[in-house]
Amino acid sequence: ALGKAGDFVMLQVADTGTGMPDDVKAHIFEPFFTTKEKGKGSGLGLATIFSIVQQQNGFIEVDSEPGVGTTFRIYLPRTTESVTQPRRQPQLTELPRGSETVLVVEDEPAVRNLAVRLLARYGYTVLEAHDGVSALAMAADFAGEIHLLLSDMIMPEMGGKELAVKLRARYPVMKVLLMSGKASNKANADAIDGTGVGFIRKPFSAFELVRRVREMLDGETVTL
C-alpha cells in the first residue's frame with residue numbers, strides 16, 4: 001500500500017523464509033488467494049489483517065525476495081489521546097456452543113471447509129454443499145430439521161437468496177445467514193426478510209462467524 005502523510009507507529013515483522021516473487025506478492029492481500037494446496041489454506045489471514053489495518057487508517061508495506069525472506073511493515077496512526085482500558089474480547093473458547101443443524105453452502109472449498117470445521121468444533125451438526133442445487137437435493141434427502149442456512153450470496157446456477165426462499169418453504173422457521181465479500185450485498189440480504197435473515201461480510205474471523213451463527217439461532221424468525 002502507498003504511504004500516507006502524518007505520524008505513525010510502525011510494527012515490523014521479518015523472516016528468513018522462502019520469500020515471494022513479484023507475481024505472488026501482488027495478490028497476497030486478496031481474499032481467498034493462497035499458494036497452499038487446495039483445502040490447506042483459506043487465504044483469509046492477510047486479507048483480514050489488511051482490512052483491520054485499513055479500518056484504522058493505516059497501511060502496510062511488504063518487501064520480499066525469493067530465497068531471502070519477507071518483511072512486513074504495518075503503519076498505524078499515532079495518537080496523543082489518553083488510552084482507556086479496552087474491554088476484553090471473549091476468546092473462542094468462551095463462546096457458547098450449539099447442537100443445532102447448520103447447512104453450509106459455499107462454492108469456494110477453502111471457505112466451506114473452514115466454516116464446516118469451525119462449526120463442528122462448537123457442537124453443531126453440519127451439512128455441506130458446494131452450490132444451491134446440491135443443497136436442495138441434500139435437504140430433500142435429510143430427515144431432520146435444518147435450523148440455519150449459512151450460504152454464500154453469489155454462486156453458479158443458484159445464489160444464496162433464491163436458495164433461502166426455496167428452503168424456507170420446507171423449513172419455515174429456519175434462520176438464514178448470507179455471506180458476501182461485498183458490503184453492498186447486505187441490502188440484498190435485508191430485502192429477503194427483516195427477521196431471521198442476517199448478513200456477514202467476507203473475509204470474517206472465526207470469532208465473528210461463531211458469534212453470528214449463535215446470534216441468528218437465538219433470534220426470532222417469521223415465515224417468508
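This is a predicted model: local features need pLDDT of at least 70, side-chain atom pairs count only at pLDDT 80 or more; totals for chains, interfaces and linings use all residues.
The protein has seven helices and eight strands, and 40% of its 224 residues count as buried. Take the contacts between residues at least 6 apart in sequence: 66% of them join residues at least 24 apart.

- Val68 is partly exposed, at a relative accessible area of 48%.
- If you skip neighbours within four places in sequence, Val68 is in contact with Asp15, Thr16, Gly17 and Thr18.
- Val68 and Met20 are 48 residues apart along the chain, and 9.0 Å separates their C-alpha atoms.
- Pro66 belongs to the loop between S2 and S3 as well.
- Not counting residues up to four places away in sequence, Pro66 touches Thr18, Gly19, Met20 and Pro21.

- Thr71 is part of strand S3.
- Is Thr71 buried or exposed? Thr71 has 17% relative accessibility, and because the cut-off for buried is under 20%, Thr71 counts as buried.
- With neighbours within four places in sequence left aside, the contacts of Thr71 are Gln12, Val13, Ala14, Glu61, Val62 and Asp63.

**H3 against H7**

- Helix H3 (residues 109-121) packs on helix H7 (residues 206-218) at an angle of about 60°, and their axes are 11 Å apart. That angle makes H3 oblique to H7.
- The crossing of H3 past H7 is right-handed.
- Which residues meet here? From H3 come Ala115, Leu118 and Leu119, and from H7 come Ala206, Leu209, Val210 and Val213.
- Sort the residues of this contact by type and you get seven nonpolar, no polar and no charged.

**The nonpolar cores**

- In soluble globular proteins, nonpolar side chains tend to be buried together.
- The largest nonpolar core here has 22 residues, and Leu150 and Leu209 are the ones with the most contacts inside it.
- Strand S4 (101-105), H3, strand S6 (148-152), strand S7 (175-180) and H7 each put at least two residues into this core.
- Which element supplies the largest share of this core? H7 does, with six residues.
- Setting aside neighbours within four places in sequence, Leu150 is in contact with Val102, Leu103, Val104, Val105, Ala115, Leu119, Leu177, Met179 and Leu209.
- Apart from this core lies another one, of 20 residues, including Leu127, Met153, Leu178 and Phe199.

**H4 against H5**

- Helix H4 (residues 132-141) and helix H5 (residues 160-170) pack at an angle of about 10°, with 10 Å between their axes. That makes H4 roughly parallel to H5.
- On the H4 side, the residues that meet H5 are Gly132, Ala135, Leu136, Ala139 and Ala140. On the H5 side, they are Leu163, Lys166, Leu167 and Arg170.
- By type, the residues of this contact come to six nonpolar, one polar and two charged.

- As background, most residues other than glycine have a negative phi.
- Asn57 has a positive phi, near 60°, and is a residue other than glycine. Asn57 is in the loop between helix H2 (45-55) and S2.
- At 51% relative accessibility, Asn57 counts as exposed, because the cut-off for exposed is over 50%.
- Glu157 is not a glycine either, and its phi is positive at about 70°.
- Where is Glu157 found? Glu157 is in the loop between S6 and H5.
- Glu157 is exposed, with a relative accessible area of 68%.

Methods:
Residues are numbered from 1 along each chain as its sequence is written. Side-chain values use heavy atoms; hydrogens and water are left out. Axes are lines fitted to C-alpha atoms, for helices over the stretch in contact, and angles run from 0 to 180 degrees between N-to-C directions. Helices (H or I, at least four residues) and strands (E, at least two) are DSSP runs, numbered from the N terminus. Angles under 35 degrees count as roughly parallel, over 145 as roughly antiparallel, 65 to 115 as roughly perpendicular and the rest as oblique. A crossing is left-handed if the near helix is turned anticlockwise from the far one by less than a right angle, and right-handed if clockwise. Contact means heavy atoms within 4.5 Å. Ala, Val, Leu, Ile, Met, Phe, Trp, Tyr, Cys and Pro count as nonpolar, Asp, Glu, Lys and Arg as charged, and the others, Gly among them, as polar. A nonpolar core is a set of buried Ala, Val, Leu, Ile, Met, Phe, Trp, Tyr and Cys residues joined through side-chain atoms within 4.5 Å. Buried means under 20% relative accessible area, exposed over 50%, partly exposed in between (1.4 Å probe, protein chains only).
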